[in-house]
Amino acid sequence: MRMSKLYLPTLKEEPAEAEIISHKLMLRAGLMRNHASGIYSYLPLGYKVIQKIEKIIRRHMDDSDAQEVLLPILQSSEIWKESKRWDRFGPLMIKFKDRKNREFCLGPTHEEVVTDLLRDEIRSYKDLPLNLYQIQTKVRDEIRPRFGVMRGREFTMKDAYSLDRDDEGLDESYQAMYNAYTNIFVDCGLETRAVEADTGAMGGKDSHEFMVLAESGEDKIAFCTNCEYAANIEKAESLVEKRTVNKEDKLEKIHTPGAATIKELEKFFDLPGEDMIKSVAYQADGEAVLALVRGDDELNEIKLANYLDVDNLEPASEEDIITHFKSSPGFIGPIGSKGVRIIADQRIENMESGITGANEKNYHYRGAKVGRDFEVETYLDLRLVREGDSCPSCSGKLEIKSGIEVGHIFKLGTKYSESMGASYLDENGRDKPVVMGSYGIGVTRLVAAAIEQNHDDYGICWPLAIAPYQIIILQLGNDDAVIDKANEIYQQLESAGLEVLVDDRKERAGVKFNDADLIGIPLRLTVGSRSLEAGVVEAKVRATGQELNFELSSVVKETTELLAKIK
């Protein structure tokens, strides 16, 4: 491709609206342009990267015996109501009515569609297993679109759906997708880590996220320094300490004027937060819930919501706190709370007594004891893990890093098949629900994640496998000999099956060098009067800065050999 004919509107300045490096570089390098908040048009260079990623995905999905289909973006409300997700998916779903007043949505995902498609087609165990995938546009009405394509309202996703006879079959399908995903990300030139994850709105029992480690990542992952344990912070657990905290036997009401936070209470009592019981009030589908964690811990709302199995979990308002606790924020507690479900973190079980709110402004209890002064419904893991916590699988310590989710796989089980009536007859003629799995890769998000992991101060450093072009030739000056030689090398490399971009624009050398660094083509070849006089072409590897001279007589051979060494 000749840059004189390429639609490539690069920018010198950083766009004011861009917050993270991938967003800045995708705009500056002319990969995309903003259409509306969270919605983008992809330009030729950006779309070539997307196509490269899709090609890698298709190869590995096809190798796993998955079959490609194309499902509708426009989806009827009936199937979503059958699965009971029409309301549960919440405001992320864009809903509307057609001219005949029928309800539809723009598909945020396709579990319902694929279940509806196949429930009348699969009749016998002989029809299973089956795995269908697509690469399709998804639409989610993000409350705050940001970070470019990281958190967009319209995006491209590869989603696959496995259908099996039983859990053993699902395990095999899940492992096949796990392996395929691992290979996909390796072939894209990315360093990823698979971590245990929460199933969220998709439901099901098990799931893994594939994370690209990057400082800009919105997600936090915890992983052990000593073993293979790794989990999203929403799912991560740590070893429960078997230590007794506080041994006061007497319950005493203490006047604590103005001490409404754990930090203020630590100063007031001259005690650490681990001696205190933090009470966090919620409304769970209209029901009052009080969650208890140790004062030095933070509550994990995802874990609480999963236990409660509710559609809507919200922090209690000041009015709710007055209604249910006759108190004010900062002074609520479990003692005397009536008509409230009390759920406690498992570390509370080890506390013989603690300091907690007295449900009266400016008062706390000291010596509060579970079982004597108040009861809890259950103990479970409710806390967010912290750096340095002990690994739940071994004696190692947990580290916490930022990551970008680029893939997510789920064991759905029979969640959708039972609610939507997708069943088959087994070998004995018995009717059984199909066992399903769901597997997604954020294709456009993967573009941004690759940039976050592969860039420098000058621009993008594409991994070779997903670079829009493998080679860029810089034609310096307007000398006929330079133009002819650059064109000759361009044609020779293309004839050898290589992907080549030649900068034949009538621009200054500095502009060409800067643009080459910005758009991040893996190998740069420079043809100028000086190099021609020396009988060489100057070569530079974008990612490492390695510089070499290729003899004019062996440019194709040396270029091919060097590309084979570039990742």
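Mentor: Let us begin with a term: angles under 35 degrees count as roughly parallel, over 145 as roughly antiparallel, 65 to 115 as roughly perpendicular and the rest as oblique. This is a predicted model, in which local features need pLDDT of at least 70 and side-chain atom pairs count only at pLDDT 80 or more, while totals for chains, interfaces and linings use all residues. Residues are numbered from 1 along each chain as its sequence is written, and side-chain values use heavy atoms, leaving out hydrogens and water.

Trainee: At what angle do helix α2 and α5 pack?

Mentor: The angle between helix α2 (residues 44–63) and α5 is about 150°, and their axes are 9 Å apart. The two helices are therefore roughly antiparallel. Axes here are lines fitted to C-alpha atoms, for helices over the stretch in contact, and angles run from 0 to 180 degrees between N-to-C directions. Helices (H or I, at least four residues) and strands (E, at least two) are DSSP runs, numbered from the N terminus.

Trainee: Which residues of α2 and α5 make the contact?

Mentor: On α2 they are I56, I57, R59, H60 and M61; on α5 they are M177, A180, N183, I184 and D187. Contact means heavy atoms within 4.5 Å.

Trainee: Turning to the rings, how many aromatic pairs are there?

Mentor: A search of the whole structure gives eight aromatic pairs. Rings of Phe, Tyr and Trp (its six-membered ring) pair if their centres lie within 6.5 Å; planes under 30 degrees apart count as stacked, over 60 as edge-to-face and the rest as tilted. One of the pairs, F96 with F104, is stacked, at 6.4 Å centre to centre and 20° between the planes.

Trainee: Is F104 buried or exposed?

Mentor: F104 is buried, at 16% relative accessibility, whereas F96 is partly exposed at 30%. Buried means under 20% relative accessible area, exposed over 50%, and partly exposed in between (1.4 Å probe, protein chains only).

Trainee: What about Y174 and Y439?

Mentor: Y174 and Y439 form a tilted pair, 6.3 Å centre to centre with 55° between the planes. This pair links distant parts of the chain, 265 residues apart: Y174 lies in helix α5 (residues 167–187) and Y439 in strand β24 (residues 435–442). Y174 is buried at 5% relative accessibility, and Y439 is buried at 0%.

Trainee: Which residues form one aromatic cluster?

Mentor: Y178, Y181, F185 and F210 do.
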